[in-house]
Amino acid sequence: MVIPGFLHCTDRSSPLLVSLTCPRRCSFLQLFFSYFKELVGKEVTVELKNDLAIRGTLHSVDQYLNIKLENTRVVDQDKYPHMLSVRNCFIRGSVVRYVLLPQDGVDIDILHDATRREARGG
């Protein structure tokens with residue numbers, strides 16, 4: 001299922017991919033912030049706008065969707081060998097393209113309902 005600009009999920013068995021680059025990003029910050037707080041301690045993959053993808057344990061997230069990861073590793077280690085020594089990182093929310101969430105840590109129905117309500121304006 002695709003909700004334009006907000007959520008991309010092929011089916012319930014696949015991980016949820018959340019786009020943080022939607023045109024109405026500001027109105028969704030609070031929705032995603034509260035959702036990401038529930039995922040602290042779980043492994044996520046963060047894809048940045050420069051195509052760097054970093055996998056790690058979500059340590060914290062703030063209201064601007066700045067993300068702190070621990071036990072990080074780069075998805076494409078051959079392309080970014082200089083990142084092999086990085087174990088913890090802070091990612092500014094404005095440089096995040098996607099966050100790949102763990103399949104078992106997400107209640108997709110609640111997130112879909114919330115985005116539909118927001119898209120209708122209330």
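Predicted model: local features only at pLDDT ≥ 70, side-chain atom pairs only at ≥ 80, totals over all residues.
Residues are numbered from 1 along each chain as its sequence is written, and side-chain values use heavy atoms, with hydrogens and water left out.

Back to our pair. Strand β8 covers residues 96-100, and β4 pairs with β8 in the antiparallel sense over 4 bridges. By pairing I mean that DSSP finds at least two bridges between the strands.

Which strand is joined to β4 by 5 bridges? That is β5, residues 53-61, running antiparallel to β4, residues 43-48. Here Thr45 has Arg55 of β5 as its bridge partner. Between these two strands the hairpin has 4 residues, and Asp51 in this hairpin takes a positive phi near 75°.

Now the whole protein. It has 2 helices and 8 strands, in the order β-β-β-α-β-β-β-β-β-α. Both are DSSP runs numbered from the N terminus: helices are H or I with at least four residues, strands E with at least two.

How much of the protein is buried? Of the 122 residues, 40% are buried, meaning under 20% relative accessible area with a 1.4 Å probe, protein chains only. As for contacts (heavy atoms within 4.5 Å), among those with a separation of 6 or more, 55% link residues 24 or more positions apart.

Key:
Buried < 20%, exposed > 50% of the residue type's maximum accessible area, 1.4 Å probe, protein only.
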